[in-house]
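Please walk through this structure element by element, from its annotated span and helices to the contact between its chains and the core they share.

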Amino acid sequence: MSDISWGLWQLLLKGVWITVQLTVYSAALGAVTAFVIGLARTHRRWLVRFLSGAYFEIFRGTSALILMFWMFFVLPVGFGWQLAPMWAAVLTLGLTYGAYGSEVVRGAVAAVAPAQREAGIALGFSPAQQLWKIVLPQAWPEMVPPCTNLLIELLKGTALVSILGVGDIAFGASLVRNATTQSAPVYTVILVMYFVLAFVLTRGMRAVERQAKAGIGRPPAKRASLFRRAGGGRPATAVPGAGAGATGRGEPR
Amino acid sequence: MPADRTTPNDTTVPDAPDDTAATDPGGPAADGAELIRFDKVTKRFGAHTVLDALDMTVHSGKHVTLIGPSGSGKTTILRLMMTLLKPDEGTIMFNGDYLTHEEKGGRLVPAGERHSRAVRRNIGMVFQQFNLFPNMKVLRNITEAPVHVLGLAKDAAEERARELLDLVGLTDHLDKYPGQLSGGQQQRVAIARALAMRPKVLLLDEVTSALDPELVAGVLDVLRDIARSTDITLLCVTHEMNFARDISDCVMMFDAGRVIEFGPPEQIFTAPEHERTREFLSAVL
């Protein structure tokens, strides 16, 4: 590793910053898309449901990589304007992961007991008030864990953009590798970099989840560990299903 | 509470001994006329007819209890009143307005969301499963609708909420989440929440059926208190026959989507005319 110069390492660090930016912008666009499309898919007018459902199917069913090429190479031909590689990437990732997220939003909204809306009707709330005051606050804590998964996938998905020449971590890595012909140290280092970024995201989202649960009067979920740390003289009792509010997090579906 | 005078020659619901004077300024029902009218209301679920051309009238200030075997359509009536269901045929009037329909260009059409919301503003409902909002503390459960639907100032709404919590005996719990309360306490909060909207009629849908037996009495006491001390109209579905006997001006016996018999509780519970009523009462009493 020692024969890779400081200048080349700097290239990688710059890449980290680009990756973080890509993730943040795409996540913001993705979150907006997820809420708009997800709520539209529960709308009472069939046309709204149909259009948003079509959006979901199309973006879920197309390859993000090809879509990115399409945004970058086909849009200029068809519409006469050229997106910067960075924004073609953000648009692609945001719209694609927004489509996945819409499924999370739709599912969480549908999981709120219909009786809650009925109580809202009985108290005279308008449909919009029922949504904002009753349904979404209850659906939100359910959305956070699956959204964490999506966010991690989005982070790792940003590596696609190196193909368009955006200088993210993966792009920096290929430059360094070309310059030094040393694959092993470079790729090991960037593996760790992605992991550290993902870990920071997970921790942040855990805090969001805790806050969301507290906001609806649920205790912050303690995760059941199979092996309690010994000490304190307490027997190692691992209660399966403790912290039930956190089930499903990170588990394959 | 808005009060309504009762007509002396009420054909549907017998008079209670001289009701309180009307204080409702100029509402359509201020003359003490009927508050609720079902006109040939039919409701089907698939091939099953739950309500069969039901005619029913309830006058202001009356306490009406609906009894009958499960599946006889009692709860459906309350859900129709709350516009949680739409009738397949017939009309429902409330407070002089169509609840299920609205007039557009001289024709009656099914009511839109906006119209229903305006008419049902005077209808409150307490559910079997309480349906408190778990994302709000007790106080906010009660103040949310008065503030955001009626446009009450927050202070005024909170004052009203505190009074109501006092009425249901839960002043100590206003800073808790519903999940921290027992079923009986949750149901009493739900009653306070419904009353905070000052409805003309309160629909009670088997409000003690989901409670542990030892918690039932507390909730029923609160309701007895409300029935005695206010002039709110009550429309009540219950299996608590003693409670029905205590609070009702009129008991309606339902079977197979029709009212087969109605009258003052003394009559229904001691000398029912209809064979089905006798069978039902001997099974539940």
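This is a predicted model: local features need pLDDT of at least 70, side-chain atom pairs count only at pLDDT 80 or more; totals for chains, interfaces and linings use all residues.

In an unreviewed entry, UniProt lists residues 16-202 of chain A for "domain: ABC transmembrane type-1". In the model this span is 83% helix and 0% strand, and its end C-alpha atoms lie 17 Å apart.

Helix H8 of chain A, which covers residues 183-214, has 32 residues and reaches 47 Å from its first C-alpha to its last, close to the 46 Å expected at 1.5 Å a residue.

Chain B has a secondary structure of nine helices and twelve strands. Of its 285 residues, 48% are buried, and among the contacts in chain B with a separation of 6 or more, 64% are accounted for by residues 24 or more positions apart. Two residues lie between the strands of the hairpin, where B:Gly46 takes a positive phi near 60 degrees.

Where the two chains meet, the contact takes 19 residues from chain A and 23 residues from chain B. On the side of chain A that touches chain B, the elements giving two or more residues are helix H5 (114-122) and helix H6 of chain A. The residues on that side divide into ten nonpolar, seven polar and two charged.

The largest nonpolar core has 128 residues, and those with the most contacts inside it are A:Ala89, B:Met81, B:Met125, B:Val126, B:Ala192, B:Leu203 and B:Leu235. Its largest share, twelve residues, comes from helix H4 (residues 85-111) of chain A. Which residues is B:Met125 in contact with, leaving aside its neighbours within four places in sequence? They are A:Ala122 in chain A, together with B:Leu78, B:Met82, B:Ala194, B:Leu203 and B:Asp205 in chain B. B:Leu203, one of these partners of B:Met125, is also listed among the residues with the most contacts inside the core.

Conventions:
Residues are numbered from 1 along each chain as its sequence is written. Chains are lettered from A and ligands numbered from 1 in the order in which they are written. UniProt positions are given in the numbering used here, feature names are shortened, and annotations may be inferred rather than shown by experiment. Helices (H or I, at least four residues) and strands (E, at least two) are DSSP runs, numbered from the N terminus. The expected span of a helix is 1.5 Å times one less than its number of residues. Two strands pair if DSSP finds at least two bridges between them. Two residues are in contact if their C-beta atoms, placed from the backbone, lie within 7 Å. Ala, Val, Leu, Ile, Met, Phe, Trp, Tyr, Cys and Pro count as nonpolar, Asp, Glu, Lys and Arg as charged, and the others, Gly among them, as polar. A nonpolar core is a set of buried Ala, Val, Leu, Ile, Met, Phe, Trp, Tyr and Cys residues joined through C-beta atoms within 7 Å. A residue is buried if 20 or more other C-beta atoms lie within 10 Å of its own, exposed if 12 or fewer, and partly exposed in between; C-beta atoms are placed from the backbone.
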